[in-house]
Amino acid sequence: MDQMMGGDGGVIGQAGFPLETWFWEMPLCTRWWTTATVLTSLLVQCEIVGPFKLFYSFRAVFYQHQYWRLLTTFLYFGPLSLDLVFHVFFLQRYSRLLEESSGRSPAHFSWLLLYATTCLICMSPLVSMPFLGHPLSSTLVYIWSRRNPDTRLSFLGLLVFTAPYLPWVLMGFSLIVHGVVPKDEIMGVVIGHVWYFFCDVYPPLHNGSRPLDPPMWWRRLFDGPPAQAIDSEGALHNVPAVGAAAPAPEVR
C-alpha cells in the first residue's frame, strides 16, 4: 500500500515492528478511531449489526432517538475488503500525522474532529450522504496536505507531485474509477479549507487571533486545571497546558 501512495510525510509502519507496538504508538484519538472503524466492519461482517442501523438519518436520530447514529456514521466504511484496507490506511496515516503535529495533548485534535463531524452532519441532508467517514478522512487529508507544501508524494508509482495536490489527485482518481463526481471528497475539502484558513492563514493577519482554537473548558477536559508556578517575587502564575498557546503578556 505504501508503494501506491508513498512520500516523506510518514509511513504506516516500520518493518519488524510488532502490531501491538504499532497500535500503542498511535496517538489517542487516532488509535481509538481506527480501532472503532475496524470493529464496526467486523460486527457487520459477522451479522451482529446491520449497516442500516449505522448510517445517519435526521429522522432516525431526532425523532426516533437513535443517537448512536451520530457516531457510527463516521465509523463504517463498508464490509471487510481491500477498499476497507485502503480507507483505514488513509484514516490512520493522515489522522496520526495531524494529531502528532498538534502536540501531546489530544485537546486540539479532538476539537478538530468535533468541528469536522458537526459540519458534516449539518451538510449531510443537502447531499443525501448517509455515511460520513470518507468525507471526514478527506478533511484530514486536505488539512495535512496544506500544512506540508514541500512534501513529495507518488501515486501508483507513476505520478509524482507535492502534497497540496493530493486531494485533487484523489478526486480525479475517484472520478475515473466510479464515473461520478466525488461529493464526499468535495465536502471534505470545503470543511478542511475553512479550518486551515482560520487556523493557519487568518491568525498572522489579525494579531494572532485564532477563532477555531478549542475553548479553555474543552482543554481542561483533557489536560485538567492549569498547573501553577511561583515566580521570583513569590506570586502564583498559571502554567499553560501542553499544546496550548501561551497567554499574551499583560499590558500595563
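Of the 252 residues in this protein, 42% count as buried. The model is a predicted one, and the exercises below walk you through parts of it.

**Exercise 1. Getting an overview**

Find out how many helices and strands the protein has, and what share of its contacts between residues at least 6 apart in sequence join residues at least 24 apart.

Solution. Start with the elements: the protein holds ten helices and five strands. Then turn to the contacts. Taking those between residues at least 6 apart in sequence, 59% link residues at least 24 apart.

**Exercise 2. Helices H2 and H5**

Work out how H2 is oriented relative to H5, and which residues make their contact.

Solution. Step one is to locate the pair: H2 covers residues 28-45 and H5 covers residues 82-101. Step two is the geometry, an angle of about 165° with the axes 9 Å apart. Angles over 145 degrees count as roughly antiparallel, so H2 is roughly antiparallel to H5. The crossing of H2 past H5 is right-handed. Step three is the contact itself. H2 contributes Leu28, Cys29, Thr30, Trp33, Thr34, Thr37, Val38 and Ser41, while H5 contributes Leu84, Val88, Leu91, Gln92, Ser95, Arg96 and Glu99. Sorted by type, the residues of this contact are seven nonpolar, six polar and two charged.

**Exercise 3. Helices H6 and H9**

Repeat the analysis for H6 and H9: at what angle do they pack, and into which types do the contact residues divide?

Solution. Begin with the numbers: H6 and H9 pack at about 135°, and their axes are 10 Å apart. That angle makes H6 oblique to H9. H6 passes H9 in a right-handed crossing. Next, list the partners. From H6 come Trp111, Leu112, Tyr115, Ala116, Cys119, Leu120, Met123 and Val127, and from H9 come Lys183, Met187, Ile191, Val194 and Trp195. Here the division is twelve nonpolar, no polar and one charged.

**Exercise 4. The surroundings of threonine 72**

Which helix holds threonine 72, and which residues does it touch?

Solution. Threonine 72 belongs to helix H4, residues 69-72. The cut-off for buried is under 20% relative accessible area, and threonine 72, at 12%, is buried. Leaving out residues up to four places away in sequence, threonine 72 touches Lys53 and Leu54. Finally, compare sequence with space: threonine 72 and phenylalanine 131 are 59 residues apart in sequence, and their C-alpha atoms are 8.4 Å apart.

**Exercise 5. Reading the UniProt record**

Which residues does UniProt list as "transmembrane region", and how much helix does the span 109-132 contain?

Solution. The unreviewed UniProt entry lists residues 67-89, 109-132 and 153-180. In the model, residues 109-132 are 79% helix and 0% strand, with end C-alpha atoms 18 Å apart. Residues 153-180 are 46% helix and 25% strand, and their end C-alpha atoms lie 25 Å apart.

How values were computed:
Residues numbered from 1 in each chain as written. Predicted model: local features only at pLDDT ≥ 70, side-chain atom pairs only at ≥ 80, totals over all residues. Heavy atoms only, no water. Axes fitted to C-alpha atoms, helices over the stretch in contact; angles between N-to-C directions. Helix = DSSP H or I, 4+ residues; strand = E, 2+ residues; numbered from the N terminus. Parallel < 35°, antiparallel > 145°, perpendicular 65-115°, else oblique. Left-handed = near helix turned anticlockwise from the far one by under 90°. Contact = heavy atoms within 4.5 Å. Nonpolar A, V, L, I, M, F, W, Y, C, P; charged D, E, K, R; others polar. UniProt positions renumbered as here; feature names shortened; annotations may be inferred. Buried < 20%, exposed > 50% of the residue type's maximum accessible area, 1.4 Å probe, protein only.
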